[in-house]
Amino acid sequence: MSIEKVKKYFESYGVQDRVLEFDVSSATVELAAAALGTEGARIAKTISLAKKEGGCMLVVCAGDYKIDNRKFKDKFGFKASMLSHDDALAMTGHAVGGVCPFALPEDVEVYLDESLKRFDTVFPAAGSSNSAIELSCDELFEFSRAVSWEDLCKPRE
């Protein structure tokens, strides 16, 4: 199970006990915010996207943001295209609703969006549709093994 894989991954950082599991779904920004009793913007939403040359990449942004297609294309040279549910599971090892930037295959690149930096801590999923972990932005960068911080997103209307 994906959450068990994520907890095992977090053992190397000594934070496996910080994984939160809920009796309710946290599969969307709104559901996660309700489960955590926080604002939706603090949910670190992980978006799985197809790479031009094959494979996938992840962009993690604040829950009140979305991919800005112009910024994305300017940075990567191709249009952002979300993975299907089946492809997200096959390429990341996590099902949609629990996709997170942890315990990933080696070839999956993670980019963190600047929209997260306005918070002291954020809540990414932890491998299931009813889990999360509270992390500082520095911890998120380290634990996700992110390539870089980028400006790839814009506020949702």
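Colleague: How many aromatic pairs does the structure hold?
Modeller: This is a predicted model, and the structure holds 10 aromatic pairs.

Colleague: Take Phe10 and Phe102: why is the pair called tilted?
Modeller: Their ring centres are 4.8 Å apart, and rings pair if the centres lie within 6.5 Å. The planes sit at 55 degrees. Stacked needs under 30 degrees and edge-to-face needs over 60, so this pair is tilted.

Colleague: What makes you say that the pair links distant parts of the chain?
Modeller: Phe10 is in helix H1 (residues 2-11), while Phe102 is in the loop between helix H4 (85-92) and strand S5 (109-113). The two are 92 residues apart.

Colleague: How do you know whether Phe10 and Phe102 count as buried or exposed?
Modeller: Buried means under 20% relative accessible area. Phe10 comes out at 0%, so Phe10 counts as buried. Phe102 is at 0% too, so Phe102 is also buried.

Colleague: And what makes Phe76 and Tyr111 edge-to-face?
Modeller: The angle between the planes is 70 degrees, and over 60 counts as edge-to-face. Centre to centre, this pair is at 5.0 Å. Here too, distant parts of the chain are linked: Phe76 belongs to helix H3 (residues 69-76) and Tyr111 to strand S5, 35 residues apart. Both Phe76 and Tyr111 are buried.

Colleague: What lies over the face of Phe76?
Modeller: That's Lys75, at 6.0 Å from the ring centre.

Colleague: Back to Phe10 and Phe102: which residues do ring pairs link into a cluster?
Modeller: Tyr9, Phe10, Tyr13, Phe102 and Phe143.

Definitions and conventions. Residues numbered from 1 in each chain as written. Predicted model: local features only at pLDDT ≥ 70, side-chain atom pairs only at ≥ 80, totals over all residues. Heavy atoms only, no water. Phe/Tyr/Trp six-rings, centres within 6.5 Å; stacked < 30°, edge-to-face > 60°. Helix = DSSP H or I, 4+ residues; strand = E, 2+ residues; numbered from the N terminus. Buried < 20%, exposed > 50% of the residue type's maximum accessible area, 1.4 Å probe, protein only. Lys NZ or Arg CZ within 6 Å of the ring centre and 35° of its normal.
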